[in-house]
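Please keep the sequence and the model in view while reading.

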Amino acid sequence: MNATTQSRPRNQILVSDADHDRLSGLARTFLERTPEMAEDLLAEMDRARIAAESAMPADVVRMGTTVTLHDGERSVQRVTLVYPAEADIAEKRISVLTPLGTALIGVRAGRTVSWRSRDGRVLSATIHAVEQSPSRRAP
């Protein structure tokens, strides 16, 4: 069992068909470079319920969304979930191939996610808000 699924409840996640296809391909591409993270992402894609892009609720974390997280110490953090090439920790853009990024994909606002840090600690945070990128907002 991988680190993400060990520390995160096995509730179903919801992923758009476009994100599912692209993320599954991305994970397969990274299997040789970062096998643990790629396997975690593939496991998440395997358990995802897939929906048409137009049927995705606005409160579900998708690629390009900005997420407001509250951790157990009441600190607030805003991060945007991106593909690895767009990641920039200084700009709070986190890759979907990080433990937190993989834990966030497909989860609704109000849920708590858990992930294992690179040093083995289990961390968790509650998703307070999900803001869709301008290209994903309804007209």
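The accessible surface of the protein chain amounts to about 7,500 Å², and 49% of it belongs to carbon and sulfur atoms; such areas come from the Shrake-Rupley method with a 1.4 Å probe, and for residues only the protein chains shown count as cover. This is a predicted model, in which local features need pLDDT of at least 70 and side-chain atom pairs count only at pLDDT 80 or more, while totals for chains, interfaces and linings use all residues. Residues are numbered from 1 along each chain as its sequence is written, and side-chain values use heavy atoms, with hydrogens and water left out.

The protein chain contains four helices and seven strands; helices (H or I, at least four residues) and strands (E, at least two) are DSSP runs, numbered from the N terminus. From the N terminus on, these elements follow the order α-β-α-α-β-β-β-β-α-β-β. Of the 139 residues, 47% count as buried, where buried means under 20% relative accessible area, exposed over 50%, and partly exposed in between (1.4 Å probe, protein chains only). Among contacts (heavy atoms within 4.5 Å) between residues at least 6 apart in sequence, 58% join residues at least 24 apart.

Five of the strands form an open sheet of mixed pairing, in the order 5-4-3-7-6; two strands pair if DSSP finds at least two bridges between them. Strand 5 (93-95) and strand 6 (112-116) are the edge strands, each pairing on one side only. On average, neighbouring strands of this sheet are turned by 45° against each other, direction ignored; the axes are lines fitted to C-alpha atoms, for helices over the stretch in contact, and angles run from 0 to 180 degrees between N-to-C directions.

Strand 3 (residues 66-71) and strand 7 (residues 122-131) run antiparallel and are joined by six bridges. Within this pair, Val-67 has Val-130 as its bridge partner, and Thr-66 has Glu-131. Strand 7 also pairs with strand 6 in the antiparallel sense, over five bridges, with Thr-112 opposite Thr-126. Strands 6 and 7 form a hairpin with five residues between them, and Gly-120 in the turn has a positive phi of about 95°.

A positive phi also occurs at Lys-92, at about 65°, although this residue is not a glycine. Most residues other than glycine have a negative phi. Lys-92 is found in the loop between strand 4 (76-82) and strand 5, and is partly exposed, with a relative accessible area of 41%.

Which residues of helix 2 are buried? They are Asp-19, His-20, Leu-23, Ser-24, Leu-26 and Ala-27. Seen down the helix axis, these buried residues fall within an arc of 165°, so they line one face of helix 2; the arc is that of the directions from the helix axis to the C-beta atoms. On the other side, Asp-21, Arg-22 and Arg-28 are exposed. The buried residues of helix 2 pack against strand 1 (14-16), helix 3 (35-47) and strand 2 (49-51).

Ala-38 lies in helix 3 and, at 0% relative accessibility, counts as buried. Leaving aside residues up to four places away in sequence, Ala-38 touches Ala-27, Phe-30, Leu-31 and Leu-97. Ala-38 and Leu-26 are twelve residues apart in sequence and 8.0 Å apart in space, C-alpha to C-alpha.
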